[in-house]
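Could you walk me through this model, with the cut-offs spelled out along the way? Here it is.

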Amino acid sequence: MDCLFCKIVAGEIPSTKVYEDDNVLAFKDINPNAPVHVLVIPKTHIDSVDCVDANNIDVVSKVIVAIPTVAKECGLANGYRVITNVGEDGGQSVKHLHFHILGGEKLPVKLA
Ligand code: 5GP
Ligand code: ZN
């Protein structure tokens, strides 16, 4: 499959890893929008939140469980934002489920 984040998981494209376990990888976003901007992804390919179902919820839950660990490792004791973009209108540019963790400053825009 021609998927950028699957290639990062496979080590075919380098990344700056901040957390890894059997199911989850977290790495620095190449184009950060905040002092801390990390992407947390499942190692297996899932297109987006729109494709979460009973068959993949176990691995998705492991991604969610990793988020506070990643935040702690990044020093985000004062809070942070978790974003996942879905599809065209959601502005998703990489079609492999990922959760953005943003922090390290008081974040400016609040849409929800
Ligand atoms: P999306 O727009 O799909 O929600 O988020 C995709 C994110 O992936 C963007 O923030 C973008 O900067 C990041 N990104 C795109 N290509 C690469 C890459 O090759 N390496 C890393 N570390 N991040 C990437
Ligand atoms: Zn993928």
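The report below covers the ground rules, the ligand site, an aromatic pair and two further residues.

## Ground rules

This is a predicted model, in which local features need pLDDT of at least 70 and side-chain atom pairs count only at pLDDT 80 or more, while totals for chains, interfaces and linings use all residues. Residues are numbered from 1 along each chain as its sequence is written, chains are lettered from A and ligands numbered from 1 in the order in which they are written, and side-chain values use heavy atoms, with hydrogens and water left out.

## The ligand site

Ligand 1 sits in the largest pocket. On a 1 Å grid over the protein atoms alone, a pocket is an open set of points where a 1.4 Å probe fits, with protein on both sides within 12 Å along at least five of seven lines; a molecule sits in it if more than half of its atoms lie within 2 Å of its grid points. Around ligand 1 there are 16 residues, and the closest are Lys28, Asp29, Asn85, Ser93 and His100 (a residue counts if one of its heavy atoms lies within 4 Å). Helix α1 contributes the largest share of this shell, three residues, and α1 and β2 each supply at least two. Helices (H or I, at least four residues) and strands (E, at least two) are DSSP runs, numbered from the N terminus.

Now for the polar contacts, pairs of N or O atoms within 3.5 Å. Oxygen atoms of ligand 1 lie 2.5 Å from a polar side-chain atom of aspartate 29, 2.8 Å from an N or O atom in the side chain of asparagine 85 and 2.9 Å from a polar side-chain atom of histidine 98. On its own, ligand 1 has 520 Å² of accessible area, and the protein covers 83% of it (Shrake-Rupley method, 1.4 Å probe).

## One aromatic pair

Rings of Phe, Tyr and Trp (its six-membered ring) pair if their centres lie within 6.5 Å; planes under 30 degrees apart count as stacked, over 60 as edge-to-face and the rest as tilted. By this rule there is one aromatic pair.

Histidine 37, in strand β3 (residues 36-42), is buried because its relative accessible area is 5%. The side chain of histidine 37 reaches the backbone nitrogen of asparagine 33 at 3.0 Å.

Alanine 71 lies in helix α2 (residues 57-73) and is buried, with a relative accessible area of 2%.

Key
Polar contact = N/O pair within 3.5 Å; in protein donor to acceptor, adjacent residues only side chain to side chain. 1 Å grid on protein atoms, 1.4 Å probe; cavity = no way out; pocket = protein on both sides within 12 Å on 5 of 7 lines; lining within 4 Å. Buried < 20%, exposed > 50% of the residue type's maximum accessible area, 1.4 Å probe, protein only.
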